[in-house]
Amino acid sequence: MIMLQFQSRVITAVTVITAGLLLLPGAGCEKPAPVSASSAVLPVNAAAPEVREFARRLIVHGNVESKASVAVSTRTGGVIDSISVEEGSRVKAGDRLFQVDRENLENNVRRQTQQLAVAEAEQRVAVIDSNLARSVLEKAEIDYLRAQTLQKTSAVSADAVEKAKLNYESARAEADKKSAQVNYAGARVEQEKAALAVEQKLLRDSVAHAPISGVVTATAKDPGEYVSAGEVMISIENPDALELVAFISSVYYNDIIPGRTVALIRRPGAAAPIELPVTFRGPMVDPASRTFKIKIDLPEKFHFVSGQLCELEFILDRRTAPGIPNEAVLDRRNGRRTVFAVNPDRTVSEVEVHTGIVDGRWTELKNPEALQERPIVIDGQSFLADGDRVKTAPAPKAE
């Protein structure tokens, strides 16, 4: 009860004091004047647009590759007898590289040669038997014809004629059989010849020769190891015919024209870039990566090395136009871009600009007339609004 009385007295006192303050002269009749933001003078750096050369650039990376490179595989399986080269060896087309399992392959050729000789001997026997059967057939045919003639004069019996006919037909069947055996023997000979040709080829293939001239870049096995047919043994590249290969986004397909588009090539350790034209553009865009391949021939005098990673800079478009430093441009909603122009009365106006190529620290200005030859704020524009007063100082020179 005592606490409630105390709270009531406090509330009453506060109410009386508040009412007294409202009755003072001028109380509640006027508001303090707001401080104008435009009354402050803001320091900024400003500069006029400059006419410059702008270039639309594309920078990618590519690898140096040999135009001629091969991976030499074994055509036959077996134990490696010898390897005639090592990594770094210079070879000419046709040079011997390695030998695989020569002894076994030579034995296979000898065995197959003997099998062919046997088949040819059997063919000769079949021919002799066929000739003999043909002679017996001719004799039986003569006897049968004589018997038929004598039967007309009743010189021989019908039974004798029947026996002569039977002998003739039997001899004809035997002759046909021997003729078939000759054909079979001939086919067998051809089969063995084909098998011998296969073994001879395997023997020839056991020795590998360099298909191109170049340098041995890798060897996969040592003598005495076993290799399977088709296994890669030696890699060879021609270091005197190199090209730079890169993959570029399909967006730039129509910008890269062989023979006309030039690339500035930078490689690690080189003092200056090399300028060379594109020599090849892929006929299609890869559907998985959405990129296309380009190639640049590398003259031998520049001493590139296969496997090097290089930077390629393409100049896709070049023109002279007014430009402003990148930091002067403000990005607004809906894709709008603006700058603050300094008016003669030292106030600023926000102006929408149309931009083009961005080259280094400079942006191409496509509508310089919108500035009406007024300088623009380069530094400090983030805190400005239309109508603000500024104190300008020259902006540092942008490169």
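**A conversation about a predicted model**

Modeller: In this predicted model, buried residues make up 31% of the 399 residues in the protein chain.

Biologist: How many helices and strands does the protein chain have?

Modeller: The secondary structure comes to 3 helices and 23 strands.

Biologist: And what share of the contacts between residues at least 6 apart in sequence join residues at least 24 apart?

Modeller: Of those contacts in the protein chain, 75% join residues at least 24 apart.

Biologist: Let us turn to α2. How many residues does that helix have, and what is its reach?

Modeller: Helix α2 covers residues 102-152, which is 51 residues. From its first C-alpha to its last it reaches 75 Å, close to the 75 Å expected at 1.5 Å a residue.

Biologist: Which residues of α2 are buried?

Modeller: They are L105, V109, Q112, L116, A119, A126, S130, A133, L137, A140, Y144 and A147.

Biologist: What do the buried residues of α2 pack against?

Modeller: They pack against strand β6, residues 96-100, and against helix α3, residues 158-205.

Biologist: At what angle do α2 and α3 pack, and how far apart are their axes?

Modeller: The angle is about 165°, and the axes of α2 and α3 are 6 Å apart. Angles over 145 degrees count as roughly antiparallel, and α2 and α3 are therefore roughly antiparallel to each other.

Biologist: Is the crossing of α2 and α3 left-handed or right-handed?

Modeller: The crossing is left-handed. By class, the contact of α2 with α3 has 25 nonpolar, 13 polar and 16 charged residues.

Biologist: What follows α2?

Modeller: α2 is followed by S154, whose phi is positive, near 65°. In general, most residues other than glycine have a negative phi.

Biologist: Which value does phi take in H303?

Modeller: Phi of H303 is near 60°, a positive value in a residue other than glycine. H303 is found in the loop between β15 (291-298) and β16 (309-325).

Biologist: Is H303 buried or exposed?

Modeller: H303 is exposed, because its relative accessible area is 61% and the cut-off for exposed is over 50%.

Biologist: Then what about E373: where does it lie?

Modeller: E373 lies in the loop between β21 (362-365) and β22 (376-379). Its phi is near 60°, also a positive value in a residue other than glycine. E373 counts as exposed, at 81% relative accessibility.

Biologist: A change of topic: where is N238, and is it buried or exposed?

Modeller: N238 sits in the loop between β10 (232-237) and β11 (242-249). With a relative accessible area of 19%, N238 is buried, because buried means under 20%.

Biologist: Which residues is N238 in contact with, leaving aside its neighbours within four places in sequence?

Modeller: With those neighbours set aside, N238 is in contact with S66, A68, S213 and G214.

Biologist: Finally, in which strand is L264?

Modeller: L264 is in strand β12, residues 262-266. At 22% relative accessibility, L264 counts as partly exposed.

Biologist: How far apart are L264 and E275?

Modeller: L264 and E275 are 11 residues apart in sequence and 4.6 Å apart in space, C-alpha to C-alpha. Leaving aside its neighbours within four places in sequence, L264 is in contact with P273, I274, E275, E311, L312 and E313.

Terms used. Residues are numbered from 1 along each chain as its sequence is written. This is a predicted model: local features need pLDDT of at least 70, side-chain atom pairs count only at pLDDT 80 or more; totals for chains, interfaces and linings use all residues. Side-chain values use heavy atoms; hydrogens and water are left out. Helices (H or I, at least four residues) and strands (E, at least two) are DSSP runs, numbered from the N terminus. The expected span of a helix is 1.5 Å times one less than its number of residues. Buried means under 20% relative accessible area, exposed over 50%, partly exposed in between (1.4 Å probe, protein chains only). Contact means heavy atoms within 4.5 Å. Axes are lines fitted to C-alpha atoms, for helices over the stretch in contact, and angles run from 0 to 180 degrees between N-to-C directions. Angles under 35 degrees count as roughly parallel, over 145 as roughly antiparallel, 65 to 115 as roughly perpendicular and the rest as oblique. A crossing is left-handed if the near helix is turned anticlockwise from the far one by less than a right angle, and right-handed if clockwise. Ala, Val, Leu, Ile, Met, Phe, Trp, Tyr, Cys and Pro count as nonpolar, Asp, Glu, Lys and Arg as charged, and the others, Gly among them, as polar.
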